[in-house]
Structures are given as structure tokens and as C-alpha cells.
Amino acid sequence: MPFVVQKYGGTSVADAERIRAVAARAVATHESGNDVVVVVSAMGKSTDDLIKLANDVTPNSHPREMDMLLTSGERISMALVAMAIQDHGVGSMSLTGSQAGILTTDAHGHAEIIGIRGDRVREGLAEDKIVIVAGFQGVNPETRDVTTLGRGGSDATAVALAAALQADVCEIYTDVDGVFTADPRLVPGAVKLDEINFEEMLEMASAGAGVLMARSVEFGHRYKIPIHVRSSFHGGVGTWVKEETMEEAIIRGIAHDVSEAKVTVHGVPDAPGLAARLFEPLADAGLTVDMIVQNVSRQGVTDISFTVPRIDLVTAEDVAKTTAAAIGAAGVDVDQNIAKVSLVGAGMKHEFGIAGKMFRILAEHGVNIEMISTSPIRISCVVRGDDVAAAVQALHDGFELGAEEEATENG
Ligand code: ADP
Ligand code: ASP
Ligand code: MG
């Protein structure tokens, strides 16, 4: 029997009416002859509300208790969706991540899925039930504590479940019609893509396109699970994320990320080993450093800048200050008003001049570039945070990614 995993994001389960709509769609899919597993996010913005509530209670919440709190969001929506399905006279059962056998590392707040038992999901399906699984959560087999997978983690739950249970497809239902050439909330002329390959989607997601969590794309790629990103508001076809696309695009899309901050260590003595002494303690503190720039050395000293997720800025600044003092650097500055804009496209590999054109477009719009990094299919620039909307729009126009440009181009 065909087998589909459907994941519904926060907006898609935001109220009773939306929950009934999710149930109706899952039931229709089941009645047309599919096994159906539904993965749900917490209702609306309730994860944000729970985080705010915890911060109001104490700024020092323990990560274990934070996960106990946050996993409750998905628990509410999973039970409500199961009830709404039962209302159609169709069997349904909800399971927490732990009950579904989603095993994770013990890294509270950003745990990784290390295995999926899934027995109870299989049992439910064998009884012809629609099984609802709470997204974004699992359990660590050693500590037996529940964990969360990081923001947007329900996408990872869905694709990992699809892989473990060998589903034919993972459908991601969300509040936009698919994956667009840029965030449609920032660029009104952004165009929905019919398809995008896993590598491009992974670069887009890692560069800030929050429509899919990057880890979910990794699972899809590794286990060859086609992902269909589509609207939960209508039945239209969305975007297929898959192994290969019909056409190779030079630029598939533009992603932006406003969630990082920049740390600069000034006056670092220019000697072997000092970069290692700076970055090793950051890694030991569990920080993910994204971009790094080292300036040309003058009079034996240099400045080193790097970016980190803004939520980790306090830790990064502390660690950098301690190291700066130990290695005799002049001081540490932080800058929260930065953004990263990235061009992504698999065809970039075979094309000259894309970086130059990107920098030219930004220059013509008065956008200063502060840092640059590249992969074979991505070019990213750090710019002032205030410039991000203008930069994304200018690149979208300059690389002619909008529908109008296409129409003019085609005559
Ligand atoms: P959900 O709650 O359904 O998981 P998210 O808010 O996590 O929804 O993801 C959907 C959002 O992703 C959209 O509302 C859109 O603003 C944003 N987004 C960012 N980049 C893109 C893109 N390239 N294509 C589509 N949506 C994007
Ligand atoms: N509810 C979680 C979040 O808001 C997980 C998810 O929605 O994917 O990040
Ligand atoms: Mg999401």
C-alpha cells in the first residue's frame, strides 16, 4: 500500500478549524488507499509563547526542564488532530516522540535523531489507524529524558520517520505554496519553484530559508525520500525536493538569515597557532561558528571576525574575551546588526562571473559587503542588518528570478 508521511506546521494547526482541516485531509488521503502517518507541530506560535513564559519565570531555565516544557506544545496538537480524525469514524492514535521510539542524543534543545524504533507506529498502521506523531521531540535512551530537536525540528521528525518506516513520500504542509526563489514574505515577486534538488535545498535551508529545517533535507538526501513542500490551505502542487531536477539552474534561489551575530577579536598577534587557540574553546563550548574572516596583518597583529547564532552570542563573547586575554589580543567587539544573503544554484559550478555580478549588484544598491563565504553551489555575503531587504530584492531583480523578468525574457 502507498505510504505517506504528512507534516503540518504551526500555522496549519493554529486553531480548531485548521485542525479539522488537517484531519479531513489526512482522512481523505487514507480513504484513497494510503497508509498515513501525520507529524504535527505545536499550535500557532505556542512554542514561542512557552519560551517566553519560561524566560518570565527565570532567565536561567535548565535545558532538561525547558525540553519538558516545550514538548508539551506538540502534545496538545497531536491529541486534538487524533480526536478530529476519530470524528470522521476513522481509527487514529497519537504518540509522543518518545512513544513513537524516536531516539536522540542527550543534547537538550538541539538533540539529533540517532535511531527510530517505530514499533507502535507500525502497530497502529497495521490496525488501519492514522497515526499522529508529535514533531520536534524524542527521548535519550540513556537518560530516559525527553529532548527537543531545535527550532523547526518537526520537519526532521517527519522526514526521519518517512525514512525509517520506508514511506514513499514526505509531504510538508505549511503556510506558503512551496519553496520560492526567495522568502515570499520579503520579496513579493518571488516565484514558486516546481522542483529543487537536495543539495540546493540543503544550502538554501542552511543559509536561512526556514521553510525546511536543514537536517530534514539531509535525511531526505541520505535516504532518498522525496519531499513535497505544499500549502495546507489548498490542494495545489507545491515544490518537489528530490535527487535530480529536470533543469539545472545557475541560480535557483536567494536565502537570507538574520539570526546570526558577528564577533571580532582585535589585535591578535599574527603567529602560528593563535587561530586554533581562539576557535578550539568556542567548539568546546558547543558553539557553531559560521563565517570567519581574518584581516591582513599590520605591524604583527591582525583582526579576526566570525559569526555565531545570535542566541549563542553571550557565550561566544565570554569565551572570546577569555581567550583574547590569554593570547594577548587587544579586545573583543560584538555586532548584532548583521544579516547574511546567499545565492544558491547547482549550475553555478560551471559558470564564471556569478560572484562578481553579485558583488556589483550589491554595490550598485549601496550595500556594503563585510564578509564572504562560498561553497561550490552557494555564495554568501554578510551585510548590515538594515540592508537585508534591499539586498535580497536587488539580487532577485538582478539575477532575473521573478516571473515578470522571465516573461520579458521569453518575449
Ligand atoms: P511551519 O510552521 O509550517 O513549519 P515555517 O514558518 O517554519 O512554517 O516555514 C514557512 C515559512 O518559511 C514561510 O512562511 C516563509 O516566510 C519562510 N521562507 C523563507 N524562505 C522561504 C522560501 N525560499 N520559500 C518559501 N518560504 C520561505
Ligand atoms: N514547534 C517547534 C518550533 O516552533 C517545532 C516545529 O514547529 O517544527 O520550532
Ligand atoms: Mg517550520
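A: Let me begin with a term: a helix here is a DSSP run of H or I that is at least four residues long, and helices are numbered from the N terminus. Please also keep in mind that this is a predicted model.

Q: Okay, so which helix does Ser 77 lie in?
A: Ser 77 lies in helix H3, which covers residues 63-86.

Q: Is Ser 77 buried or exposed, and why?
A: Ser 77 counts as buried because its relative accessibility is 0%, and the cut-off for buried is under 20%.

Q: What does the side chain of Ser 77 reach?
A: The side chain of Ser 77 reaches the backbone oxygen of Ser 41, at 2.6 Å. If we leave aside the neighbours within four places in sequence, Ser 77 is in contact with Val 13, Val 40, Ser 41, Ala 42 and Met 43.

Q: Which residues are around ligand 2?
A: Ser 41 and Ala 42 come up again here, and with them the residues around ligand 2 are Thr 47, Glu 74, Phe 136, Arg 151, Gly 152, Gly 153 and Ser 154. Sorted by class, this shell has 2 nonpolar, 5 polar and 2 charged residues.

Q: How far is Asp 175 from an oxygen atom of ligand 1?
A: An N or O atom in the side chain of Asp 175 is 2.9 Å from an oxygen atom of ligand 1, and a polar side-chain atom of Arg 185 lies 2.8 Å from an oxygen atom of ligand 1. There is also a backbone N or O atom of Gly 210 that lies 3.5 Å from an oxygen atom of ligand 1. Taken alone, ligand 1 exposes 580 Å², of which the protein buries 82%.

Q: Switching topic: which residues touch the most other members in the largest nonpolar core?
A: That core has 46 residues, and Val 5, Val 37, Val 121, Val 133 and Met 201 touch the most other members. Helix H5, residues 154-164, supplies the largest share of this core, with 7 residues. As background, nonpolar side chains tend to be buried together in soluble globular proteins.

Q: What about Thr 157, which helix is it found in?
A: Thr 157 is found in helix H5, and it counts as buried because its relative accessibility is 0%. Not counting residues up to four places away in sequence, Thr 157 touches several residues, including Val 39, Ile 102, Val 133 and Phe 136.

Q: Last one: which residues are buried in helix H6?
A: In helix H6, residues 198-206, the buried ones are Phe 198, Glu 200, Met 201, Glu 203, Met 204 and Ala 205. At the start of H6, a side-chain oxygen of Asn 197 reaches to within 3.1 Å of the backbone nitrogen of Glu 199, and just after H6, Gly 208 takes a positive phi of about 115 degrees.

Definitions and conventions. Residues are numbered from 1 along each chain as its sequence is written. Chains are lettered from A and ligands numbered from 1 in the order in which they are written. This is a predicted model: local features need pLDDT of at least 70, side-chain atom pairs count only at pLDDT 80 or more; totals for chains, interfaces and linings use all residues. Side-chain values use heavy atoms; hydrogens and water are left out. A residue is near a molecule or strand if one of its heavy atoms lies within 4 Å of it. Ala, Val, Leu, Ile, Met, Phe, Trp, Tyr, Cys and Pro count as nonpolar, Asp, Glu, Lys and Arg as charged, and the others, Gly among them, as polar. A nonpolar core is a set of buried Ala, Val, Leu, Ile, Met, Phe, Trp, Tyr and Cys residues joined through side-chain atoms within 4.5 Å. Buried means under 20% relative accessible area, exposed over 50%, partly exposed in between (1.4 Å probe, protein chains only). Helices (H or I, at least four residues) and strands (E, at least two) are DSSP runs, numbered from the N terminus. A polar contact is a pair of N or O atoms within 3.5 Å; within protein, one must be able to donate a hydrogen and the other to accept it, and residues adjacent in sequence count only if both atoms are side-chain atoms. Accessible areas come from the Shrake-Rupley method with a 1.4 Å probe; for residues, only the protein chains shown count as cover. Contact means heavy atoms within 4.5 Å.
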